[in-house]
Amino acid sequence: MLWIFIAVGACLTDLCVKHYIDEHKKENCHEPVMGGHIIITRYHNPGAMLGWMKDKPRMLLGITVFALGVLAAGLMGALRKKSSPLIKLGLALLLGGAASNAYDRIMHQQVTDYFRISIGSKKLERIIFNLGDVAIFVGGLLAVLGDLKND
């Protein structure tokens, strides 16, 4: 049950931050925080990561819903097989982040992204993320690490 709560928590946290950003920040704002290392930038992305498939919204929605089902099934399978906690945590974070972005895509036909990282790399600074994206990235890493550790 813990892993389901983690997935729901990751999803709801990102949705709450997205709601706050949508209500309180202007599109394409530029607000440095945390010593300038994080830049708040509200952006509505009609595509997937880096705008991928923005010209094919119906196909992207189908892929999104399919991927969400695969992740949910993967987490349920990991819970049944008594997989390692690292794999379960990774899948829970993946599912929570994906669910948040899927909700945005289904309800608004776009995903709200809201922060950039400024650590000296201009290429990285151009990419705008949300916490769901971070959960997906970290969750993917943890699931792979957990799987490698089990082998």
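Contact here means heavy atoms within 4.5 Å. The model is predicted; local features need pLDDT of at least 70, side-chain atom pairs count only at pLDDT 80 or more, and totals for chains, interfaces and linings use all residues. Residues are numbered from 1 along each chain as its sequence is written, and side-chain values use heavy atoms, with hydrogens and water left out.

Lys-18 sits in helix α1. Helices (H or I, at least four residues) and strands (E, at least two) are DSSP runs, numbered from the N terminus. Leaving aside neighbours within four places in sequence, Lys-18 is in contact with Ser-100, Asn-101, Asp-104, Val-111, Thr-112, Tyr-114 and Asn-130. The C-alpha atoms of Lys-18 and Thr-112 are separated by 6.2 Å, although these residues are 94 apart along the chain. Lys-18 counts as buried because its relative accessible area is 2%. Buried means under 20% relative accessible area, exposed over 50%, and partly exposed in between (1.4 Å probe, protein chains only).

Not counting residues up to four places away in sequence, Arg-105 touches Asn-45, Pro-46, Gly-47, Ala-48, Leu-60, Leu-61, Thr-64, Gln-110 and Val-111. Ile-39 lies 66 residues from Arg-105 along the chain, and their C-alpha atoms are separated by 23 Å.

The largest pocket has a volume of about 890 Å³. On a 1 Å grid over the protein atoms alone, a pocket is an open set of points where a 1.4 Å probe fits, with protein on both sides within 12 Å along at least five of seven lines; lining residues have an atom within 4 Å of a point. Grid points are joined across faces, edges and corners, and the volume is the space filled by probe spheres set on them. The lining of the largest pocket numbers 32 residues, and Ala-48, Met-49, Asn-101, Asp-133 and Ile-136 lie nearest the centre. Two or more lining residues come from each of β2 (38–45), α2 (57–80), α3 (85–108), β3 (111–117) and α5 (131–150). The largest share, 6 residues, is from α2. By class, the lining has 22 nonpolar, 5 polar and 5 charged residues.

The largest nonpolar core has 11 residues in all, among them Trp-3, Ala-7, Leu-75 and Ala-92. Such a core is a set of buried Ala, Val, Leu, Ile, Met, Phe, Trp, Tyr and Cys residues joined through side-chain atoms within 4.5 Å. Helices α1 (2–24), α2 and α3 each give two or more residues to this core. The most, 6 residues, come from α3. Ala-92 touches Trp-3, Ile-6, Ala-7 and Leu-75, not counting residues up to four places away in sequence. A second, separate core of 7 residues includes Ile-38, Ile-40, Tyr-114 and Phe-115.

The structure holds 2 aromatic pairs. Rings of Phe, Tyr and Trp (its six-membered ring) pair if their centres lie within 6.5 Å; planes under 30 degrees apart count as stacked, over 60 as edge-to-face and the rest as tilted. Tyr-114 and Phe-115 form a tilted pair, 5.8 Å centre to centre, with 45 degrees between the planes. Tyr-114 is buried, at 3% relative accessibility. Phe-115 is buried too, at 11%. Tyr-114, Phe-115 and Phe-129 form one aromatic cluster.

Asn-28 has a positive phi of about 60 degrees although it is not a glycine. Asn-28 lies in the loop between α1 and β1 (31–33).

How values were computed
Nonpolar A, V, L, I, M, F, W, Y, C, P; charged D, E, K, R; others polar.
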